[in-house]
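Try each task before you read its solution.

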Amino acid sequence: MVLVLDFGSQYNRLIVRKVRECGVYCELIPHDTPVKEIERLAPKGLILSGGPASVYDKNAPHLSKKLLESGIPVLGICYGMQLLAHLLGGSVAPGHKREYGRCRLMVHEGDSLFRGLPDSVICWMSHGDIVHSPPSGFSTLAGTADVPVAAMGDSSRRIFGVQFHPEVTHTQYGKEILKNFLSTVCGCSMTWDAGRSHWKIVEELSKALARGKAICALSGGVDSTVAAGLVSLAMGDRLTCVFVDNGLLRLGEVEMVKDTFSRLFSSRFVAVDGSARFLKALSRVVDPEEKRKRIGREFIRVFEEEAGRLGRTDFLVQGTLYPDVIESRGTRTAAKIKTHHNVGGLPRKMKLTLVEPLRYLFKDEVRIMAKSLGLPDRLIQRQPFPGPGLAVRVLGEVTPERLDTLRQADLIVREEIEKIPYEDRPWQFFAVLLPVKSVGVMGDGRTYADIIGVRAVNSEDGMTCDWSRLSHSTLETISSRIVNEVPGVNRVVYDITSKPPATIEWE
Ligand code: XMP
């Protein structure tokens with residue numbers, strides 16, 4: 001394992017992913033994790049991430065010098081490199097302006113980080129401060145026209161620093177540079193493979209869950225399915241999967257989920273029809289946050305009732321992913337944008353021990369794992385769907401009639417966009433029903449009817465997104481099919497906003 005110490009860079013998750021893609025298991029930890037704790041984890045190497053601070057700031061995030069004396073190989077990136085220089089006696093020049101962008105890196109020493117690379121490569125630079133002179137024992141490995149010390153290293157202490165970002169795709173050979181650090185410097189064996197790692201997880205779960213019973217809330221998405229799949233390999237029929245139909249799912253979804261999961265988890269699969277009570281709880285509610293809260297509350301109630309029916313239960317399985325874990329740790333001060341409903345409120349109330357087998361994995365790794373578990377493609381390729389379901393896509397009051405309108409329009413959006421080959425398809429696409437009507441003309445008569453909004457976005461992880469440039473002919477087909485086939489709709493609009501400033505869902 002290699003650890004990335006988080007100094008606040010927006011790229012820190014990307015470093016973790018790139019290291020894993022190189023075949024080395026990697027985790028992100030806070031920069032002030034105690035040295036003893038880091039030594040206990042016995043990493044093969046440490047990467048110090050970049051960050052927005054200057055080493056000269058009064059409250060600049062720091063690193064214990066002891067860590068640099070521990071013999072663990074270190075690679076500092078951007079701020080990480082400046083911190084190394086600062087701590088080890090080099091000098092860091094305060095930058096007068098931040099610079100971002102591509103530049104040409106001239107390699108002076110090609111035997112460590114730059115082994116096998118050309119003498120000149122394009123890299124992505126982002127800097128405020130720069131290393132003026134490296135600490136004694138270090139040599140300058142590469143430089144650019146503006147940044148003479150763009151990479152430095154001390155091979156005997158196995159400590160290296162790069163001012164540029166090897167983790168971003170704009171840096172040519174970035175992955176090779178990381179690979180050189182991981183294999184040549186750290187001696188990692190490069191054997192991590194998300195697809196095969198599920199056996200290790202199952203082995204650990206088998207030990208941890210040797211006794212007792214577990215329950216898992218299945219949403220029909222890939223995360224909870226893989227989590228349940230792994231736990232069921234470890235526990236067999238001591239795991240029960242519960243799917244709650246909250247009446248807020250898309251057309252055909254309830255049948256699909258029931259059909260798939262009753263086959264996957266056979267006798268230990270329970271489907272609960274909670275649609276009436278969810279709709280009742282949402283009656284006359286228009287505020288988005290209130291909708292989310294009520295749905296969350298109702299879900300807990302249904303789940304508690306089911307758990308009660310199943311008798312004594314010890315564990316609750318959840319499909320929490322690594323970004324959620326980092327996010328909940330890292331955004332203590334961030335503003336709340338939306339209450340993301342999942343079953344996180346359950347364990348406290350139900351005294352169940354939480355089991356999160358995917359808490360160290362990224363979404364794409366979960367998809368790889370799903371494939372190696374033999375899950376069907378239609379399940380693996382499912383796009384994200386919010387816990388509160390269509391309630392946050394029917395803007396305004398949620399009624400059976402309005403849900404029905406949205407479901408029909410949403411199916412058309414899905415049918416048309418799914419004609420695009422999977423690799424080129426947007427990351428997420430759906431319809432929303434607006435809370436206003438507009439005037440139209442159909443035949444010879446005036447109409448005053450509903451408006452459907454179409455949303456299609458490209459994203460990596462849902463944190464940011466850009467709107468998809470769907471072809472005009474796809475948009476045209478979607479629009480004309482909706483106004484012709486969905487009663488009560490006379491207008492279709494396409495959402496051309498990125499996130500930020502908008503969010504992906506409309507509520
Ligand atoms: P937003 O709307 O916040 O959505 O830009 C980002 C991604 O998260 C999904 N989403 C949710 N997922 N519970 C979930 O499990 C929720 O309450 C929820 N709200 C939004 C959304 O579909 C998008 O993929």
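**Exercise 1.** Leaving aside neighbours within four places in sequence, which residues is Val392 in contact with?

Solution. Before starting, note that this is a predicted model, where local features need pLDDT of at least 70, side-chain atom pairs count only at pLDDT 80 or more, and totals for chains, interfaces and linings use all residues. Residues are numbered from 1 along each chain as its sequence is written, and side-chain values use heavy atoms, with hydrogens and water left out.

- Step 1: locate Val392, in the loop between helix 14 (377–380) and helix 15 (400–417). Helices (H or I, at least four residues) and strands (E, at least two) are DSSP runs, numbered from the N terminus.
- Step 2: list the contacts (heavy atoms within 4.5 Å). They are Arg292, Pro386, Glu505, Trp506 and Glu507.
- Step 3: check the accessibility. Val392 is buried because its relative accessible area is 0%; buried means under 20%, exposed over 50%, and partly exposed in between, with a 1.4 Å probe and protein chains only.
- Step 4: Val392 and Asp287 are 105 residues apart along the chain, and 9.7 Å separates their C-alpha atoms.

**Exercise 2.** Find the residues that touch the most other members of the largest nonpolar core.

Solution. A nonpolar core is a set of buried Ala, Val, Leu, Ile, Met, Phe, Trp, Tyr and Cys residues joined through side-chain atoms within 4.5 Å.

- Step 1: of its 40 residues, pick out Ile47, Leu75, Leu113, Phe114 and Phe164.
- Step 2: ask where the largest share comes from; helix 5 (residues 174–185) supplies 5 residues.
- Step 3: bring in the domains, whose bounds come from an automatic or database domain assignment. At least three core residues come from each of domain 1 (2–185) and domain 2 (197–380).

**Exercise 3.** Describe the lining of the second largest pocket.

Solution. On a 1 Å grid over the protein atoms alone, a pocket is an open set of points where a 1.4 Å probe fits, with protein on both sides within 12 Å along at least five of seven lines; lining residues have an atom within 4 Å of a point.

- Step 1: count 19 lining residues, with Tyr25, Trp192, Lys200, Ile201 and Glu204 nearest the centre.
- Step 2: find the main contributor. Helix 6 (residues 198–208) gives the most, with 5 residues.
- Step 3: look along helix 6 to Lys207, which counts as exposed because its relative accessibility is 65%.

**Exercise 4.** Locate the cis peptide bonds next to Pro500 and the positive phi values of Ala42 and Arg158.

Solution. Most residues other than glycine have a negative phi, and most peptide bonds are trans.

- Step 1: the bond from Lys499 to Pro500 is cis, with omega near -15°, and the bond from Pro500 to Pro501 is cis too, with omega near 10°. Pro500 lies in the segment after strand 20 (489–494).
- Step 2: Ala42 has a phi of about 45°. Ala42 sits in the loop between helix 2 (35–41) and strand 3 (45–48), and is exposed, with a relative accessible area of 53%.
- Step 3: Arg158 has a phi near 55°. Arg158 belongs to the loop between strand 10 (151–154) and strand 11 (159–162), and counts as partly exposed at 32% relative accessibility.
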